[in-house]
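Here's a quick briefing to read with the structure open beside you. Take a look first, then work through the points below.

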Amino acid sequence: MKKFLLILLVTLLLPSILMAATEAEKRTAIDNGLAYLATTQNANGSFDGGGLDYLISQTGSALLAFLEEKDNWGTNAAAYQTVVDKGLSYLLENANVVGITPQTHGNPDGDGNGVGVKFYPGVTNSRDTYVTGLVLPAIASSGTPDALVTTGPLAGRTDGTGAGGAWTYKDVVQNTIDYFSFGQTENAGTMDGGWRYYANYGNSDQSTTQWPVISSLYASKMGVSTPGFVGTELDKWINNIQYPDGGAGYYPTNYGTRYGEMNETGALLIEQAFRGLGVGNANVDAALAYINSGWLWSLGSGGSYDGNFGHPYAMWAIYKGLDLTIGRDDMTTITNLHGDPGDVDNPSHGWNWWEDYCESLVSSQAANGSWAGYSSWGTGLATPWFINILAGTTIPGGNGENIIPEPATMLLFGLGLLGIAGISRRKKN
């Protein structure tokens, strides 16, 4: 009798275990996730709860989820636009102007006004880089580069590009990139070229370094580029952070400190893509092979930073890295997957890494549309990040296209090739 009941239970559960997430199920999960996020917006425009660092970070993350899905708002368009407008106002209320100066390897001041912008109070704070890196993608994705800033400390300034020197949203993005360029680590040995908790911290770590880089990629959506010296210096970090097995560590290899390797290697792919490195490059291929080998790495098996599935921070970093390098249709690079259910209904591909992620997310979503998160990355961060993964968010930039070349490089390529590059870029956009 017990054996019969066990067989019956397995038979009843089998369809749900073996069935992939259909396109319709993904759409439903995304819509339910956005509806949930809308209910968590506070009166001041922020999202969810926690300290100021979480409130700002969650707001930036939630707005990116809404904005990336704007074409699918449907009958919620008016309500969701109000959500976005309130959220953007909250972020701008928390903008902080910081004086910047030329650095050893170049001038970070892209617009020559002598300042940068971060999104956390105080001169320096251990959350500056993380929080600012989660805010810029939302502002850059607003689709309104010429909109004037009318709230917060940036309102009323006269050194912007708007009428009377008012700041536009593009000015905000430009000056945030200026801040990141100013804050890149220099003259610190193998730590050169990365970032840490606040500008010019004195050393770097891989977890933090991904956020100025992903922000630079998103800045390209508003036509804002990153100074060439930043990329040149980042090359040093990229080379120093990758181990012989292809994976990245938290610190450079000479420190021997490794944890959160799946997240750190996803971040490495982002950084490599930012520098124009792709499949066929030995270091990129090694990083992809490492991701493949650790694809089924158990959550928290080596600590709270480790794992893949169910780990919001790792999954979002890996998604961005894979989207930038192999794309969502690739079926040959990441093959160490969960079992193929055999019923993927996406017309562009079969069972692959992205479908594996989507199946996991559809099946783990709570009834209220949220995701529980894990460790330091709770519902307020997990839900918007997982929405972006399910939606197949395209990470912008990549292939080094938003880097301002060094002067020598510009001379080398010549005006003719620069013209060709401009045509190519317009076609991509």
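A cavity here is a set of grid points where a 1.4 Å probe fits but cannot get out, and its lining residues have an atom within 4 Å of a point. Keep in mind that this is a predicted model. Searching the whole structure turns up 3 cavities of 30 Å³ or more.

**The largest cavity**
- Its volume comes to about 80 Å³.
- There are 13 lining residues, and Leu64, Leu134, Pro137, Trp211 and Trp316 sit closest to the centre.

**Helix H11**
- H11 runs over residues 312–325, and at 1.5 Å a residue its 14 residues should span 20 Å; the end C-alpha atoms are 20 Å apart, so the two agree.
- All of it is tucked away: 14 of its 14 residues are buried.
- Just after H11, Gly327 has a positive phi of about 80°.
- Leu322 is one of the residues touching the most other members of the largest nonpolar core, which has 112 residues.
- Further off in sequence, Leu322 touches residues including Trp295, Gly327 and Trp353.

**A loop residue**
- Thr151 lies in the loop between helix H5 (128–140) and helix H6 (169–183).
- Thr151 counts as buried because its relative accessible area is 17%, under the 20% cut-off.
- Beyond its sequence neighbours, Thr151 contacts Ser89, Leu92 and Glu93.

Note on methods. Residues are numbered from 1 along each chain as its sequence is written. This is a predicted model: local features need pLDDT of at least 70, side-chain atom pairs count only at pLDDT 80 or more; totals for chains, interfaces and linings use all residues. Side-chain values use heavy atoms; hydrogens and water are left out. Helices (H or I, at least four residues) and strands (E, at least two) are DSSP runs, numbered from the N terminus. The expected span of a helix is 1.5 Å times one less than its number of residues. Buried means under 20% relative accessible area, exposed over 50%, partly exposed in between (1.4 Å probe, protein chains only). A nonpolar core is a set of buried Ala, Val, Leu, Ile, Met, Phe, Trp, Tyr and Cys residues joined through side-chain atoms within 4.5 Å. Contact means heavy atoms within 4.5 Å. On a 1 Å grid over the protein atoms alone, a cavity is a set of points where a 1.4 Å probe fits but cannot get out, and a pocket is an open set with protein on both sides within 12 Å along at least five of seven lines; lining residues have an atom within 4 Å of a point. Grid points are joined across faces, edges and corners, and a volume is the space filled by probe spheres set on the points. Lists of a residue's contacts leave out its neighbours within four places in sequence.
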